[in-house]
Amino acid sequence: MPVDFKKSEKELYQPKTKPAVIDVPEMTFIAIDGKGDPNNSGAYAAAIETLYGFSYAIKMGNKSVLEYVVPPLEGFWTVKGGAAIADKSKFLWTVLIRQPDFATEEVFAAAAFALAQKKPNLDLAPARLTKIKEGLCVQAMHIGPYDDEPATVAMLEQYAGANGYAIDLSATRRHHEIYLSDPRKTAPEKLKTVIRLPIRKA
């Protein structure tokens, strides 16, 4: 039976719709940075194609090490210059996909070589292998359209304040989303997105 992180680590991927505090451990990711509105950004679409290309190249090239399900797409988000969050053209984003612990720089390089042979027109340069430890966060499952997320964010902020925490957003600790649904196949009102905000003791 292939390992599925969404099932084996439910506390990270299957939170309730009510907020809860979680201490997120260090994990390995392939990540790509970018900016602009994801709805009409060629760079965003290319980044996702590259991330999945790398992820499946690593999975297929290491079947003897571990059989697993490729984890969901994730994103860290902020807004350039403190612009209104509604101005999506000002978004600064990092999209990423978690990798199993065996994914070293050598494994990443081998995947890059294999992917370059399969998709020579894909720009692999922006992709990087990185480790991220988010630490203390508050999170909840958001069900519905992405544009309705501010209500869930407000609920997380209220919960944090009521329980002795302060939201701790910074250049290195950002608004985090995990996309459990494929928007191409799922009705907007049924989309499931984990929303996670960094916190600290108030």
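Tutor: Let's start with a pairing: β4 and β7 run antiparallel and are joined by seven bridges. Keep in mind that this is a predicted model.

Student: What makes β4 and β7 a pair?

Tutor: Two strands count as paired if at least two bridges are found between them. β4 and β7 have seven, so they qualify as a pair.

Student: Which way does β5 run against β7, and over how many bridges do they pair?

Tutor: Strand β5, residues 165-167, pairs with β7 in the antiparallel sense over three bridges. There, Y165 stands opposite K201 of β7. Strand β6, residues 175-179, is also antiparallel to β7, with four bridges. H176 has R196 as its bridge partner in β7.

Student: How do you know that β7 is mostly covered?

Tutor: Count the buried residues: they make up seven of the ten in β7, which spans 192-201. Buried here means under 20% relative accessible area.

Student: Now the inside. What makes a group of residues a nonpolar core?

Tutor: The members must be buried, come from a set of residue types such as Val, Leu and Phe, and be joined through side-chain atoms within 4.5 Å. The largest such core has 27 residues, and I30, L51, F54, I58, L73, W93 and V95 have the most contacts inside it. β1, α3, β2, β3 and α4 each supply at least two of its residues. Apart from it lies another core, of 14 residues, including I22, F29, L96 and M141.

Student: What does V95 touch, leaving aside its neighbours within four places in sequence?

Tutor: V95 is in contact with I30, A31, I32, Y44, A47, L51, L73, E74 and G75.

Student: How do you know that the length of α4 agrees with what a helix should span?

Tutor: At 1.5 Å a residue, its 14 residues should span 20 Å. The end C-alpha atoms are 20 Å apart, so the two values agree.

Student: Which residues of α4 are buried, and why say that they line one face?

Tutor: V107, F108, A111, A112 and L115 are buried. Seen down the helix axis, the buried residues of α4 fall within an arc of 140°, so they line one face. What covers them includes β1, α3 and β4.

Student: Why are E106, F113 and Q117 called exposed?

Tutor: Exposed means over 50% relative accessible area, so that is the mark to pass. E106, F113 and Q117 are exposed, and they sit on the face of α4 turned away from its buried side.

Technical notes. Residues are numbered from 1 along each chain as its sequence is written. This is a predicted model: local features need pLDDT of at least 70, side-chain atom pairs count only at pLDDT 80 or more; totals for chains, interfaces and linings use all residues. Side-chain values use heavy atoms; hydrogens and water are left out. Buried means under 20% relative accessible area, exposed over 50%, partly exposed in between (1.4 Å probe, protein chains only). Contact means heavy atoms within 4.5 Å. The expected span of a helix is 1.5 Å times one less than its number of residues. The arc is that of the directions from the helix axis to the C-beta atoms.
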